[in-house]
Amino acid sequence: MLVIEFVGVAPEGAIAQVIDRMNTDISDVHKAVTHAKSLFANVIVQRTHKPLPHGFRILDSAGKELASWSIDE
């Protein structure tokens, strides 16, 4: 199981704030990234009362970051 964390803009020298977090049964990192990008697009369209995410991280069950992506990439 992997964890997808949607994160906000990171202030210079700081860690990005986690806006939302979800577990996924997807175990392949590349598939999880594709899934997270799809979710990210939906979040941007539907988000009205919470801060907009700037990107996401994919973590394993131990909390180790396996992949990340931001709109700057």
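Are R57 and E5 buried or exposed? R57 is buried, and E5 is buried as well. Here, buried means under 20% relative accessible area, exposed means over 50%, and partly exposed lies in between (1.4 Å probe, protein chains only).

## Basis of the model

This is a predicted model, in which local features need pLDDT of at least 70 and side-chain atom pairs count only at pLDDT 80 or more, while totals for chains, interfaces and linings use all residues. Residues are numbered from 1 along each chain as its sequence is written, and side-chain values use heavy atoms, with hydrogens and water left out.

## The sheet

Four strands form an open sheet in the order β2-β1-β3-β4, with antiparallel pairing. Strands (E, at least two residues) and helices (H or I, at least four residues) are DSSP runs, numbered from the N terminus. Two strands pair if DSSP finds at least two bridges between them. Strands of a sheet pair through backbone hydrogen bonds, either parallel or antiparallel.

The edge strands, β2 and β4 (65–70), each pair on one side only. From one strand to the next, the twist averages 15°; axes are lines fitted to C-alpha atoms, for helices over the stretch in contact, and angles run from 0 to 180 degrees between N-to-C directions. The antiparallel strands β1 and β3 are joined by five bridges. V3 has L59, in β3, as its bridge partner.

## A salt-bridge network

The structure holds two salt bridges. A salt bridge is a side-chain nitrogen of Lys or Arg within 4 Å of a carboxyl oxygen of Asp or Glu. In one of them, the side chains of E5 and R21 meet at 2.8 Å, N to O. E5 is in strand β1 and R21 in strand β2, 16 residues apart, and the pair links distant parts of the chain. E5 has a relative accessible area of 6%, so E5 is buried. R21 is exposed, because its relative accessible area is 55%.

R57 also forms a salt bridge with E5, and the closest N and O atoms are 2.9 Å apart. R57 lies in strand β3 and E5 in strand β1, so this pair ties together parts that are 52 residues apart in sequence. Through shared partners, the salt bridges join E5, R21 and R57 into one network.

## The nonpolar core

In soluble globular proteins, nonpolar side chains tend to be buried together. The largest nonpolar core here has ten residues: L2, I4, F6, A32, V33, A36, F40, F56, I58 and A67. Such a core is a set of buried Ala, Val, Leu, Ile, Met, Phe, Trp, Tyr and Cys residues joined through side-chain atoms within 4.5 Å. The elements that give two or more residues to this core are β1 (2–7), α1 (29–46) and β3 (55–59). The largest share, four residues, comes from α1.

L2, one of the core residues, touches residues including M22, T24, A32, I58 and L66, when residues up to four places away in sequence are not counted. Contact means heavy atoms within 4.5 Å.

T24 is found in strand β2 (residues 18–24). Its relative accessibility is 8%, so T24 counts as buried. The side chain of T24 reaches the backbone nitrogen of I26 at 3.3 Å. Apart from neighbours within four places in sequence, T24 is in contact with M1, L2, I4 and H35.

S70 is in strand β4. With a relative accessible area of 17%, S70 is buried. Leaving aside neighbours within four places in sequence, S70 is in contact with H54 and G55.

Methods: Polar contact = N/O pair within 3.5 Å; in protein donor to acceptor, adjacent residues only side chain to side chain.
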